[in-house]
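Subject: A structure for you to look at

Hi,

Here is the structure I promised to pass on. Please open it next to this email and follow along as you read.

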There are 2 protein chains.
Amino acid sequence: MAKVSVSPFDLSVDIEPGSTVLDALNILGVPIEVICGGKGTCGKCKIIIENQENVSPLSEMERKLLSDKELCEFFRLACLVIVEGDVSVFVPEFSLQRELRILTKGDTVDVVLDPPVKKVNMLLPKPVLGDHVSYEELIVSGLGFDDGRIDYMAIKDISETIKSSNFDVDVVYVNKDVVRVTPHHNPGRIFGLAMDIGSTTVVVYLMDLQTGKMVDAESMLNPQVKYGEDVISRITYAIQYGIKDVHDIIIKGINTMITTLCQRNNLDPMEIPELTVVGNTAMHHIFMNIQPKSISLSPFTPTIKRSLDVKARDLGICINPSANIHVLPVIAGFVGADTIGVLMATDMFHNEHMSLAIDVGTNGELVLGNKDKMVSCSCAAGPALEGGEIKFGMRASPGAIEDIKINKYTLEAEYKTIKNKKPVGICGSGIIDAVAETLKIGMVNSTGRFVDLGSNRIRKDPATGMLEYVLEWAENAGIDEDIVITAGDVREVQLAKGAILAGAQILVDKLGMTFNDLDKIYLAGAFGNYIDIENAVRMGLLPDIPLERIKSVGNAAGEGAKLSLLSNRKRVEENKLSKMVHYIELASHEDFQTIFVDCLNFPEFKCPT
Amino acid sequence: MAKVSVSPFDLSVDIEPGSTVLDALNILGVPIEVICGGKGTCGKCKIIIENQENVSPLSEMERKLLSDKELCEFFRLACLVIVEGDVSVFVPEFSLQRELRILTKGDTVDVVLDPPVKKVNMLLPKPVLGDHVSYEELIVSGLGFDDGRIDYMAIKDISETIKSSNFDVDVVYVNKDVVRVTPHHNPGRIFGLAMDIGSTTVVVYLMDLQTGKMVDAESMLNPQVKYGEDVISRITYAIQYGIKDVHDIIIKGINTMITTLCQRNNLDPMEIPELTVVGNTAMHHIFMNIQPKSISLSPFTPTIKRSLDVKARDLGICINPSANIHVLPVIAGFVGADTIGVLMATDMFHNEHMSLAIDVGTNGELVLGNKDKMVSCSCAAGPALEGGEIKFGMRASPGAIEDIKINKYTLEAEYKTIKNKKPVGICGSGIIDAVAETLKIGMVNSTGRFVDLGSNRIRKDPATGMLEYVLEWAENAGIDEDIVITAGDVREVQLAKGAILAGAQILVDKLGMTFNDLDKIYLAGAFGNYIDIENAVRMGLLPDIPLERIKSVGNAAGEGAKLSLLSNRKRVEENKLSKMVHYIELASHEDFQTIFVDCLNFPEFKCPT
């Protein structure tokens with residue numbers, strides 16, 4: 001066997017003489033650019049061989065595809081160099097695949113596919129009588145690490161695995177920790193999981209670590225809703241009854257999703273060596289079985305901020321017990337690992353220009369900044385923008401009104417419902433549309449008061465004496481009541497949008513800028529996905545900047561978890577980000593109340609020009 | 001609070017101004033020499049204060065107790081220096097306690113009490129609204145480690161512990177891994193466990209980590225005897241039925257012992273932050289749940305050699321789940337962590353002179369060497385020297401004959417039995433005495449044959465036709481048979497002593513020396529404890545060197561586990577030792593058979609002069 005050592009990656013592999021350098025790089029998972037599929041025609045896979053005597057001589061094809069300067073510098077093409085003995089290879093950065101498209105919705109983030117999880121094929125030397133060696137040393141020294149180790153749970157049967165495979169094994173490791181040793185199998189494959197634990201929805205992504213592509217995904221309603229719809233009520237439950245119930249139920253739910261994903265893709269859960277996780281600080285603590293009480297009480301100190309790596313067995317996650325669970329760091333009690341994920345997915349901390357990321361759920365998390373400075377805050381938007389605390393509010397499920405236009409003459413509403421079912425309520429995006437439309441036609445004024453336009457659709461609620469608008473009559477609805485928007489509903493929306501806009505205002509003030517200086521606003525989360533951006537600006541939920549600068553980036557938090565799974569460099573950035581982002585506590589900000597009240601009013605309606 | 005930083009230890013602690021430097025050193029567990037109990041009269045606790053302005057001025061007592069030279073060099077006495085602000089203290093090595101007596105039986109090993117487990121009291125700063133900090137950071141940065149962490153399982157409730165104790169906590173850590181945070185309690189105490197897993201006996205020692213003293217111990221018959229008396233039969237069981245049964249039964253047994261020890265000493269098992277473990281390679285692998293098959297088959301490669309640190313929860317050991325289980329390294333398939341323990345307890349690898357350590361059980365492990373070189377081998381002594389394969393052989397339990405003299409005229413035996421019960425069999429030390437006595441009076445000649453001296457006590461076994469010696473008649477015994485020593489028994493002893501002596505011969509040959517060059521022979525294990533050394537030399541089981549050079553060191557393997565628990569320096573030595581000791585495989589040694597045959601004969605009896 002010939003040893004191929006690859007710099008600058010600190011990797012090596014033993015390979016059959018006669019193989020190409022490209023074969024070795026593929027085994028090691030080095031993402032070298034190859035367009036022609038290794039036929040020697042694209043000339044992309046340029047490398048430098050440091051000891052020419054152990055490889056095949058320069059071929060005609062290489063002479064043709066490499067420049068004179070490159071030939072002088074001893075460049076070769078990895079697919080055409082035949083390995084004949086031990087050889088050291090240098091892979092220049094320009095030969096690596098750079099344009100891996102990670103995001104489906106957000107801006108493309110350039111990322112080199114270089115997952116912390118690696119899988120290598122090793123042909124181990126056979127020990128003979130009197131050798132001073134252990135099976136663990138054969139593997140660890142073969143990986144070229146001084147301080148590497150095999151995780152305790154993965155050691156158990158390696159002697160039998162090594163012997164039964166005739167010393168030809170596949171070794172999977174995360175950082176320098178070997179998590180699995182199996183008989184060599186060709187072609188190899190290697191998968192990982194990324195997960196976003198939202199207060200409402202939990203999503204797990206199955207990722208192919210050889211291509212960086214998502215293979216499948218599975219989601220569920222967060223089963224903790226049983227203990228409360230919002231984060232605070234779940235924390236309250238954990239304070240009262242201990243953390244066990246809320247922790248156990250999320251772990252059980254995650255395991256069900258993973259089992260489903262594995263079965264559907266014909267995967268043994270033992271094949272999964274890593275899971276990366278994002279979630280807000282409360283979801284993060286509860287997932288990690290850490291009592292979240294302290295983040296619900298001033299000074300809202302989280303128990304832990306740094307990223308965590310724990311064994312799957314410690315959390316009872318049903319993948320390989322030696323697998324690494326990598327949990328991204330949090331920023332503060334109410335700005336969590338999900339926000340770190342959003343920042344990674346938008347890459348805004350690498351930009352010259354200023355961007356603002358807004359992730360709205362029950363809480364709104366806002367981050368403003370560029371490559372030099374980042375400030376963040378959390379605002380208690382309340383659940384109105386997700387349909388909570390709204391008389392006919394509901395989750396975005398079948399029958400929810402989600403898209404509304406109101407005829408300014410008849411005051412009749414044209415709307416769509418999810419799955420085209422008869423309307424049974426109004427979800428978050430519908431609420432925003434409804435409020436924006438009532439503003440547009442003057443049914444609600446800038447202080448949030450209903451104006452009686454003289455229609456049977458605008459009527460007084462006998463219970464409260466307040467005006468309300470009948471969006472749909474009971475006879476056309478899927479329920480036995482008229483579906484209405486109440487004065488109270490408008491008030492809730494006002495409070496929510498006031499909180500978010502005030503947070504944004506305080507952040508731009510902090511950095512001495514105005515909303516006009518914003519190059520981009522990124523809207524993250526399901527909320528950003530479904531709302532009508534124009535209506536959101538019209539009602540003053542978002543700063544009034546040109547619409548083309550506002551971009552929905554979908555589940556950016558989950559994309560951040562994927563990036564952390566796929567790239568060592570991204571993973572290093574996480575903890576830097578957690579320290580770099582300055583958190584502003586609005587509750588203690590002296591101007592918050594004033595700014596909040598200023599932000600409560602709706603903008604005066606501007607006629608379209 | 002004032003911060004006291006202590007070099008060269010890289011430790012620091014926040015302490016109330018007005019406390020003494022000695023208070024700070026005591027909190028940190030720095031083992032400074034104090035004879036007077038801190039009254040300022042012994043003058044032992046000499047230290048250097050690096051910033052004199054933050055401490056009380058030089059006292060009259062210090063002027064008296066310190067020399068002029070010491071005063072010029074800014075020496076002070078730790079017990080008399082009052083801390084008034086942040087201060088850096090240097091503790092010179094000569095002020096540390098050095099003569100901690102660790103061994104009860106072997107040579108005293110000088111060891112500085114410096115356990116990897118530390119317990120410190122910390123008064124944490126209280127975070128305020130807007131602080132960018134987590135509770136974990138408060139603790140870890142307070143310990144002065146950049147890369148320290150709190151073990152995942154110990155994090156769960158720290159926020160509540162910290163708040164309920166008003167930020168005054170005790171923190172227990174092993175290396176840089178925090179395993180427990182509790183409200184501060186005074187006086188503090190801290191215990192650890194050391195364990196020796198023998199094939200026959202398992203012993204757990206409860207150690208006080210503040211004094212280095214053993215508090216209590218508990219032992220049991222290794223419950224794996226259910227699956228076979230010797231190591232090989234247990235490995236065979238693990239090959240046939242899997243490792244689960246043999247692993248589970250030892251863990252269960254250990255947990256029972258630990259529970260007993262804790263109850264007897266009024267300790268909560270959660271208080272135990274560390275357990276150190278020695279055992280032969282098979283016991284080591286099975287304890288660690290590692291399939292031991294490979295060590296029973298050529299080339300006898302162990303799965304792992306290096307020392308291991310795993311969490312108690314991973315092995316199911318019922319102490320603090322975050323506690324560290326430290327397993328000492330092994331040398332080879334048949335020279336295990338118990339031998340590393342023996343070497344540490346005898347300290348022979350620090351000596352100029354050559355020593356030979358012999359640990360005899362079913363296998364004999366031998367190590368020869370000094371500070372420059374060490375060689376080892378394992379010889380298959382068989383169980384004869386423990387009473388196995390001997391017609392009336394038995395374990396050293398009540399009724400076992402253990403000490404024998406034979407009257408050369410009457411051939412009657414004078415003997416002692418364990419617990420003075422009627423004799424029911426013969427244990428290992430009895431066998432050796434019996435064989436030595438028969439040699440002395442000429443009943444057995446140097447080739448191992450019985451000589452018929454004409455007595456009804458020497459008779460022919462009707463089954464085999466071979467001679468045998470009646471040690472005790474059935475009427476005086478606790479069983480219904482005559483207790484005899486058979487020709488076969490003598491043969492077994494011959495094989496065992498031949499194997500051990502041949503191993504020793506090959507080791508001294510390897511280092512180009514003779515037995516006469518040996519400064520010391522250390523006999524480890526229960527065997528070494530009970531045998532009559534003179535008889536062992538007489539029958540040629542031990543090399544014929546002056547008796548005063550041969551020393552029983554008791555359960556030196558267990559003492560090694562204690563040393564590893566008590567001293568960072570000793571723990572560092574373990575892995576060096578595992579690499580330093582060169583293992584010689586007798587099975588592949590070309591001269592082994594010849595030397596073995598030469599060693600089978602008993603020495604000619606020398607008349608006492």
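A:Asp372 is exposed, because its relative accessible area is 53% and the cut-off for exposed is over 50%. The side chain of A:Asp372 meets that of A:Lys371 in a salt bridge, with 3.3 Å from N to O. A:Lys371 itself is partly exposed, at a relative accessible area of 35%. Please keep in mind throughout that this is a predicted model.

What does the side chain of A:Glu70 meet in a salt bridge? The partner is A:Lys46, at 3.0 Å from N to O. A:Glu70 sits in helix α3 (residues 68–72) of chain A and A:Lys46 in strand β3 of chain A, so this pair ties together parts that are 24 residues apart in sequence. A:Glu70 has a relative accessible area of 16% and is buried, and A:Lys46 counts as buried too, at 17%.

A:Arg571 and A:Glu274 are another pair to find, with side chains that meet in a salt bridge of 2.8 Å, N to O. This pair links distant parts of the chain: A:Arg571 belongs to helix α17 (residues 568–580) of chain A, while A:Glu274 belongs to strand β13 (residues 274–279) of chain A, 297 residues away. Are these two buried or exposed? A:Arg571 is buried, with a relative accessible area of 9%, and A:Glu274 counts as buried at 0%. Over all chains, the count comes to 55 salt bridges.

Now please turn to where the two chains meet. On chain B, 46 residues are in contact with 46 residues of chain A. The area buried between the chains is about 4100 Å², and carbon and sulfur atoms give 58% of it.

In one of the salt bridges you can look up, the side chains of A:Asp314 and B:Arg313 come together at 2.7 Å, N to O. Across the interface there are also 18 residue pairs in polar contact. Several elements of chain B give two or more residues to the side that touches chain A, including α4 (135–142), α5 (152–155), α10 (312–315) and β27 (581–583). The largest share, 4 residues, comes from α6(B). Sorted by class, this side of chain B has 21 nonpolar, 12 polar and 13 charged residues.

One last stop is helix α1 (residues 21–28) of chain A. Its residues A:Val21, A:Leu22, A:Ala24, A:Leu25 and A:Leu28 are buried. They cover an arc of only 160° around the axis, which puts them on the same side of α1(A). What do the buried residues of α1(A) pack against? They pack against five strands of chain A, namely β1 (2–7), β2 (11–15), β3 (46–49), β5 (87–90) and β6 (117–123).

Best wishes

Methods: Residues are numbered from 1 along each chain as its sequence is written. Chains are lettered from A and ligands numbered from 1 in the order in which they are written. This is a predicted model: local features need pLDDT of at least 70, side-chain atom pairs count only at pLDDT 80 or more; totals for chains, interfaces and linings use all residues. Side-chain values use heavy atoms; hydrogens and water are left out. Buried means under 20% relative accessible area, exposed over 50%, partly exposed in between (1.4 Å probe, protein chains only). The arc is that of the directions from the helix axis to the C-beta atoms. Contact means heavy atoms within 4.5 Å. Buried area is the accessible area (1.4 Å probe) that two parts lose on being put together, summed over both. A salt bridge is a side-chain nitrogen of Lys or Arg within 4 Å of a carboxyl oxygen of Asp or Glu. A polar contact is a pair of N or O atoms within 3.5 Å; within protein, one must be able to donate a hydrogen and the other to accept it, and residues adjacent in sequence count only if both atoms are side-chain atoms. Ala, Val, Leu, Ile, Met, Phe, Trp, Tyr, Cys and Pro count as nonpolar, Asp, Glu, Lys and Arg as charged, and the others, Gly among them, as polar.
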